[in-house]
Amino acid sequence: MYGGDIFAKWRDREITFIGEGVKAQFDNTQQTPLGFQWRGRHYEVLKMLHSAKNPEGHLQYLLLTDGGIFSLALKREESKADLCRSRWFLNFRVKDEREANSNGPNFSSSSIEMKGLLQGKELSPISLVPLLLANVAYYHGHLCPELAVGYRAALVAQEELGFSRHNAHNFFIVAENMTSAIEALQLITGCTIGNQNFFAYDLGKHVYYFGSYATAQEPGKALRLALTNLVVDLSPKGELGRRLFSGEANREEQKEYQQAINDAVQKILHLAPQDLFTKTRISLQPPRAGGHLDYTCCSHCGEVTVRGKCHLLENGFVCPVCFAKAKM
Ligand SMILES: [Zn+2]
Ligand SMILES: [Zn+2]
């Protein structure tokens with residue numbers, strides 16, 4: 001698993017997501033960051049604890065600074081003119097012992113998570129996970145067992161079918177649920193709803209199909225993964241569940257629930273693939289994608305609509321919403 005060993009050292013600490021672009025000073029000869037500016041303060045690098053390239057080829061550094069331990073990444077951005085620009089990105093900060101103990105872990109029930117998301121900076125600290133999953137959790141807003149399931153499924157399929165974000169356009173994914181798992185799958189694989197090669201049908205099952213589009217040279221291949229381990233099931237039942245979701249739970253109960261979430265995530269990350277999923281090679285036709293986007297204005301409401309979704313009536317194209325209203 002990506003970066004697993006180094007991060008295991010920090011497993012029991014907590015991290016706070018930052019996700020902000022920063023200015024950094026880099027020493028070219030030593031190939032190490034010397035310091036960076038964040039929120040009006042300069043952080044001096046005392047020691048580089050770890051550096052690695054993530055699957056996208058971005059350099060990631062774990063740095064001990066005079067203001068704590070930070071994860072800093074150098075991200076290359078490809079521009080249209082084929083020029084590469086690089087930007088420094090502060091991923092997260094590892095809370096130090098003192099902070100972690102005095103504050104206690106922040107609870108994250110769905111309602112509190114939302115609050116954290118809206119406030120932006122107040123995301124719940126989480127126990128440490130591989131950097132790739134940490135990035136997914138930052139995008140998603142929190143870390144949860146379903147997110148970890150999507151992460152594992154994505155990595156298993158990528159390895160089995162030999163795909164990555166670079167050749168994602170040759171692949172498609174079908175998911176039988178609409179949980180947090182599909183966020184991880186899209187972000188890691190690059191097969192997304194927007195790219196029209198991710199299809200989700202909510203059947204409430206952690207079943208995923210990964211397929212490659214057939215070409216003249218190669219027939220399509222597909223893999224079915226089905227979660228067979230109940231490790232994701234930890235929604236609190238009965239009175240405790242009601243208290244947690246209505247926000248009436250006390251701090252102790254909240255802490256306990258958060259601990260259960262963290263434990264489930266760690267379990268999902270460390271189980272062997274065959275203890276999580278059944279894996280079957282199948283043949284599969286890709287679902288039909290939306291295709292080319294040709295726009296027109298609805299002759300009724302005037303709003304921009306994909307032409308293929310419109311109905312052609314005698315007075316011109318009518319969007320599906322106006323068409324449905326007219327039929328009522
Ligand atoms: Zn989630
Ligand atoms: Zn209309």
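Guide: Glu248 counts as partly exposed, at 43% relative accessibility (buried is under 20% relative accessible area, exposed over 50%, partly exposed in between; 1.4 Å probe, protein chains only). This is a predicted model: local features need pLDDT of at least 70, side-chain atom pairs count only at pLDDT 80 or more, and totals for chains, interfaces and linings use all residues. Residues are numbered from 1 along each chain as its sequence is written, chains are lettered from A and ligands numbered from 1 in the order in which they are written, and side-chain values use heavy atoms, with hydrogens and water left out.

Visitor: Which residue meets Glu248 in a salt bridge?

Guide: A salt bridge is a side-chain nitrogen of Lys or Arg within 4 Å of a carboxyl oxygen of Asp or Glu. Here the N to O distance is 3.2 Å.

Visitor: Which residue forms a salt bridge with Glu253?

Guide: The closest N and O atoms are 2.8 Å apart. Glu253 lies in helix H8 (residues 251–270) and its partner in helix H7 (residues 238–246), so the pair ties together parts that are ten residues apart in sequence. Helices (H or I, at least four residues) and strands (E, at least two) are DSSP runs, numbered from the N terminus. The partner is Arg243.

Visitor: What is the geometry at the zinc ion (ligand 2)?

Guide: Its protein donors are Cys298 (SG), Cys301 (SG), Cys319 (SG) and Cys322 (SG), lying 2.3 Å from it. Donors are N, O and S atoms within 2.8 Å of the metal (3.2 Å for Na, K and Ca); water is not among the atoms, so sites may look incomplete. Four donors count as tetrahedral if all angles lie between 85 and 135 degrees; four count as square planar and six as octahedral if opposite donors are over 155 degrees apart and all others between 65 and 115; anything else is irregular. The angles here run from 101 to 120 degrees, making the site tetrahedral.

Visitor: What is the arrangement around the zinc ion (ligand 1)?

Guide: The protein donors are His140 (NE2), His142 (NE2), Cys144 (SG) and Ser180 (OG), at 2.1 to 2.3 Å. Along the chain they follow the spacing H-x1-H-x1-C-x35-S. The four donor atoms subtend angles of 87 to 152 degrees, so the arrangement is irregular.

Visitor: Where is Arg39 found?

Guide: Arg39 has a positive phi of about 50 degrees, although it is not a glycine. Its place is the loop between strand S2 (32–38) and strand S3 (41–53).
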